[in-house]
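This report describes a ligand site and a set of paired strands. Please look over the sequence and the model before reading on.

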Amino acid sequence: MSKIKKVNSYWELGCHVADIVEHTLTLPEPKLILPTGSTPIGLYNELVNRQLDWSNVTTFNLDEYIINPNHPQSYHSFMKKHLFDRIDIYPNNCNFPDRNTQAYEDIIPEIDLCILGIGSNGHIAFNEPGSSFDSVTRVVDLDKQTIEDNSRFFDSIDDVHKQAITMGLKTIMKSKKIVLIANGVHKYKILNVAMNGGVTEKVPASILQEHNNVEVYYCD
Ligand code: GLP
């Protein structure tokens, strides 16, 4: 059986994963790892619509550019716009990596649920091809492909930030449960390679095959 669960629409993708988040939010003090990118926007809209209680939730974002957090293209700004400013979460409970990478690594507790997107080169967070499976939170140079892919969010490719801070693959793999989401036919090839091909550092997402509680949702 394929490890990739195909759903009928982008809306259904958001609803399926929102069900998983809603269930996680019934825990006493839920701890989540959250992604950015275009893919989770539908999920975040669905979570806002459900009017859940986020007052006891703590979140840890996967990554951030080396950028002023108030910059409109920062992942801080993205998360505020799409989720945090629209739910009753305490701002102090929303954590992002910064240049003090070891401090971030040290405060990440046992995570109940980690939600991931996938880059067209197989990256998760900003763990680009070649990242060590033992990697932890650190500063990284972005891959040429990632800079091209993410240029759609900036005025020009020259404006895309070339460095970022990312959780490592080892950090992500410690999560109790992981859900990977992908939207669009252009993502299917790499998703299939990651989930059904060899486990290799050339395809960072392939490490997820070694996790015992991972779900993968895809829509085209
Ligand atoms: C960025 C993020 C990743 C995300 C990826 C996919 O590179 N660092 O965490 O998974 O974008 O983005 P999209 O969902 O827009 O395809």
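The text below takes the ligand and its surroundings, then the strands.

This is a predicted model, in which local features need pLDDT of at least 70 and side-chain atom pairs count only at pLDDT 80 or more, while totals for chains, interfaces and linings use all residues. Residues are numbered from 1 along each chain as its sequence is written, and side-chain values use heavy atoms, with hydrogens and water left out.

**Ligand**

The ligand is surrounded by 14 residues, counted when one of their heavy atoms lies within 4 Å of it. Ser 38, Thr 39, Asp 63, Arg 152 and Lys 187 are the closest. By class, this shell holds four nonpolar, seven polar and three charged residues, with Asp, Glu, Lys and Arg counted as charged and Gly among the polar ones.

| Residue | Distance to a ligand oxygen atom |
|---|---|
| Asn 150 | 3.4 Å |
| Arg 152 | 2.6 Å |
| Lys 187 | 2.5 Å |

Taken alone, the ligand exposes 390 Å², of which the protein buries 95%; these areas come from the Shrake-Rupley method with a 1.4 Å probe.

**Strands**

Strands are DSSP runs of E with at least two residues, numbered from the N terminus, and two of them pair if DSSP finds at least two bridges between them. Strand S8 (residues 163–166) runs antiparallel to S4 (residues 63–65), joined by three bridges. In this pairing Tyr 65 stands opposite Ala 164 of S8. Strand S7 (residues 138–141) also pairs with S8 in the antiparallel sense, over four bridges. There, Arg 138 has Thr 166 as its bridge partner in S8.

Note on methods
A polar contact is a pair of N or O atoms within 3.5 Å; within protein, one must be able to donate a hydrogen and the other to accept it, and residues adjacent in sequence count only if both atoms are side-chain atoms.
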